[in-house]
Structure formats: structure tokens, C-alpha cells
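Subject: Structure handover

Hi,

Here is the structure we talked about. Please open it and keep it beside you while you read my notes.

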Amino acid sequence: MPDPFFANSKGQKRRRGPSNVNAKNKKPRTGTGTSKNQNQPPAKRRRRDEELDSDGTQDDDNVGGGGLDDLDLRHSDSDAGASGEEDEHETPAEKRLRLAKLYIDSLKKDIGEGEVDAAEIDKEILSVRLKQDVQESSGKLSIFIADKLNTSTYSKLRVKGHKLSVTCAVASEDGTMLFTAGKEGGIVKWDLLTGKELARFPKLRKDTKDRKGKGRADPAVEIKGHTDEVLALALSSDGKYLASGGRDRLVCIWDAQKGEWLRAFGGHRDAISSLSFRKDSLQLYSASFDRTIRLFDLAAMGYVETLFGHQDCIQDMDTLRAETAVSVGGRDRTVRYWKVPEESQLVFRGGRGTAQEILENGLDEEPDAASSSQTFVEGSLDCVAMIDETSFVSGGDSGSICLWSTAKKKPVFTLPLAHGLHEHHSETEGIVLEPRWISALACLRYADVVVSGSSDGFIRLWKVDSKLRSLTACGSIPCPGVVNSLRVVSPRSFFSGASWLSTEAPAVNGRSAAHLTVKGLGLVAGVGQEPKFGRWRRLKGDGVSNCAFVFTVPLRGAEQ
């Protein structure tokens, strides 16, 4: 005799399809024909099924027989027309084509009927934009404008608001704000379109006594600003936060729009030399003379981690979109490529020539800046800039610019004496020729343009080979003084409304340069009479002053 448990209808799994129809015709065990039917759902579930019914006329028999399996869940023709004429037999390629046509039609309505060609929209708006986004996300070199730059028609804005040398200058990506900092410890905010000063954050006095007059600081009093030289500035991609650091060993965070102090981060044991935001992110990197790099997340306003590895003071640092960074360690003559998620680093050792080679081979009798055989000892690496996620350039006191790749331990290409030689008088040896050290480097992100600065009175532009194998000169811009900071931005149509473009720039083909700067290159330079980190040299005369410059370099043919 079978076990009663297996004869119970509640222990059986519900069957679907035609078997349910046969089960419906079976006689009920109790003889009532309704309440004890094994296919009849409970009252609560029956009411829930009735509420889910599309037309509201389904009876109990339909629920018990076919249920939801027999319902037609497909959209009607009217619904398909409302959702863009979507067809159930439409292939993925046909769907992409239909959506592209809808997007072009919406662009036509926004711009105006009869004013735009559909082919031009597809080429300039869709294809170019998507291609650029894909290439930038891949982290490869994708913008080639070096051959089109016209350095003879540049425009110039000069702002002067610091008593001592300007150590750093940054501009917002929307082209509305400019921030500069100097050795006197102050930060100035400028209107980039008019060149007028908007706000000033002066150096604050550090109180060394508490309220009772004892010789110690009051921990309850928080200083909202800097108390010493400001050496580094960084601006987030959205223009919301400004980060500053200097010899007081603090990373200060400011509201860039309102010009208000938000908070300060400690932790570094020596002066902060460089700051950098990740592109399109609120992750901030700070480099210091204490040989460490600290990572902060401004979305949570917190500290993340510290990176160790350099054996000497970190002089400069740069980042792009990925969670990587590159830094130079001064006298340890190394460039380090940091992989933050993997917690690892790649070490690239610089230094062109050795002291033994100099003693054995000597120097050329008549040094030439273009001579590749000229050899100098590289004692310090002072600046670095990233071209893309796997390539970067470095410069130092040997006057050479080195092109690096993460795939090779040695420089891919070395450009010797990029800014020429400097005559130095020695009491024992007479006139000695020394290379002008590279004091600043910058790159347009994912583009073939590298910009360098020194003390020869020029900012020089270099073209990177499409295969990232060489550097060649493509122009120069006069800039008297020691170039302590360089940043590159891409000026768009907002620069056409700047008041200083029409007055400073010469006319080309009868038209002012205000019409030429819609597309091109923007350079922001912090210049001073002294180097950024010391006072071992001071330039005077020939227009040298403590100021910041903003240059716009148009592309050839941009006036057409």
C-alpha cells in the first residue's frame, strides 16, 4: 500500500502544459468539485492572479487551467509604434541603424531644419566624437595637431599679482578660472576671460602660543590656509575643487567656485612638491620631499594610502585617467611608474653619461645643441609629464628631454640640450658652458605635443612621433624668466569671447586672432626670477618678472 504522504496533492509538483488539462477533468476526492480540487489555487493566490490579469475578465477556471502560461505578453501594434516602431523580428544591426536615424533627426531639430547636412553631422558629431572617446578610454595617443600649430599668431595674457616668483599656475578646463601661487605663500584667483583678479588667499600667520601665553600652539585653533611657501596647485576636472600644498606640509582643499577653504590633510613630513588629480575623478595624488606619495579621495574627503619607493626628494609627478602615476626622484635619478591597484611600481633609471665617460672621452670642442654626440652627466631628474597611459617624458639638469615607454627600461629617445647651453664664468677655468636644465614639462593629454620650459627665455614645443619613437621641434614662444610651471589645455569656443585676445594678438589675413583660437592649444606658465625650489640663481632685466602667462596657439587653417 503506498504511503499517504506521496498521495497528498500538496506534496506533488505542479505540472504544466497538456497534463494540466487532463488533471482538470479528474473527479475531486471530496466530491465538492470546487474547494478541494488539487489544481484550484488558494483564495489569496487566486485574488493575486486576478489582479495581474491584463483585461480584468479572467475567471477561476482560466487561472487553474492555463494560468499565466497561456497569456499573450507581447506588445500590441500601438505600443510598438509609440516606442519607435520596434519590430519583434528586428535584428541588432537594424536596431542600431534605427536608433542612429532617430538620433540624427533629434540633432536636426535642435540645430534647425535646412541648415545642416546629415552626412556632415554623421562625420563630425557622431564618428569623430565616438572615435575620440574610445581612443581616450584606451589610453593611447589619439590626437595629432603638432604639425598644424601656428606659433607665429599666438595670443598672450599676462597676470601679475605676486611679489616673489610664481611657483605654479593652473587653469580650469572650461576656460573661466586661473589660479596662481607664489613663494610669498599667497594664492590668487583670476578671471581667465578678462584677466581681472577675483579673489586672494594670502599667507596666514602661524600662532606659536596658546591662549595662556605658553610657547606652544593651541590645538583647538585650525589655520584655514597656508603659513609658508605654496609650491603646488591642482584643479579637478569638473572645476569644483582646488588643491594646494607647500612647505607647511599641508594639502589644503578649496571650493574653487566660491573661493572658500574646506579642509586640510596632513601626514607628509616635508614640503609638498607636486599635486595632481586623476582625469575625470576626485582622486588626488600628492608628492613630497619626504620621498612618499599620498593618495586622497575627495569624494569622501579622506586619506587612502601612501606609496613608498623613491630614495630622494620627489620633484614632480603626473597622472592621467587610469589609476597610475609617474614621478621623478631628483638625485636618485629614477622615474617611477606607479600601478596603484596592483600595489607595484616600475623603476626607470635615468642619467645620460657617467663621470668616467666624461673623463675618458671629454666634451666636444664646439658644442652644438643639435649634436647628438654631446654628453653631460645627468645628476638630477626634476620634471615629468605623461603623454598617454604608457608613454611619458622627463627632464633634468643635463638639459635633455627623454622619451620613455613602459615596455623598455631605457629611454626610447633622448633629445640633448633642448634649451641650449649657458655660459658660466669660473675663476679657475674661465668661461664654462653648462646645459640649461629643464625646469618644467607638460603634455596635451593623449596628443602629440610636448612643451618644455627653462631659463633661456622661450617655451619650446616638440612633436612626438606617431609611433612614439622621437621628438622634433615644432615651434617656440618667447617667455622671459625661469619657467617654474607649465600646464596645457585645449581652448574651445569659450576663448573667442576673451577680451585680451583681440588686443594682444596680431591680425592674420586681415582678421584678428580672436577668430583663430576656437581650435588650438592653450599654455599656462608660471614664471619668476628665481627657480621654484631655491634661490641659487636670479635673473634680472630683459622683461623678467614674477608673473603668469596664458598663451593660445591656433591651428593653421582655423580661420577658414
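A salt bridge here is a side-chain nitrogen of Lys or Arg within 4 Å of a carboxyl oxygen of Asp or Glu. Buried means under 20% relative accessible area, exposed over 50%, and partly exposed in between (1.4 Å probe, protein chains only). Lys and Arg count as positive, Asp and Glu as negative; His and the chain ends are not counted.

The model is predicted: local features need pLDDT of at least 70, side-chain atom pairs count only at pLDDT 80 or more, and totals for chains, interfaces and linings use all residues. Numbering starts from 1 along each chain as its sequence is written, and side-chain values use heavy atoms, with hydrogens and water left out.

**Overall**

The protein chain has nine helices and 30 strands. These are DSSP runs, numbered from the N terminus (helices H or I, at least four residues; strands E, at least two). Of its 560 residues, 45% count as buried.

**Glutamate 389**

Start in the loop between β18 (381–386) and β19 (391–396), where glutamate 389 is found. Glutamate 389 is buried, yet has no salt bridge. Arginine 321 is the nearest side chain of opposite charge, 5.5 Å away. What does the side chain of glutamate 389 reach at 3.2 Å? The backbone nitrogen of arginine 321. The side chain of glutamate 389 also makes a polar contact of 2.7 Å with the side chain of tyrosine 446. (A polar contact is a pair of N or O atoms within 3.5 Å; within protein, one must be able to donate a hydrogen and the other to accept it, and residues adjacent in sequence count only if both atoms are side-chain atoms.)

**Aromatic rings**

Rings of Phe, Tyr and Trp (its six-membered ring) pair if their centres lie within 6.5 Å; planes under 30 degrees apart are stacked, over 60 edge-to-face, the rest tilted. That rule gives 11 aromatic pairs. One of them is phenylalanine 296 with tyrosine 303: centres 6.0 Å apart, planes at 65 degrees, so edge-to-face. Phenylalanine 296 is buried, at 0% relative accessibility. Tyrosine 303 is partly exposed, at 42%.

Phenylalanine 348 and tryptophan 404 have centres 5.8 Å apart and planes at 65 degrees, so they too are edge-to-face. This pair links strand β17 (residues 344–349) to strand β20 (residues 401–405), with the two residues 56 apart. Tyr337, Phe348, Phe392 and Trp404 form one aromatic cluster.

Best wishes
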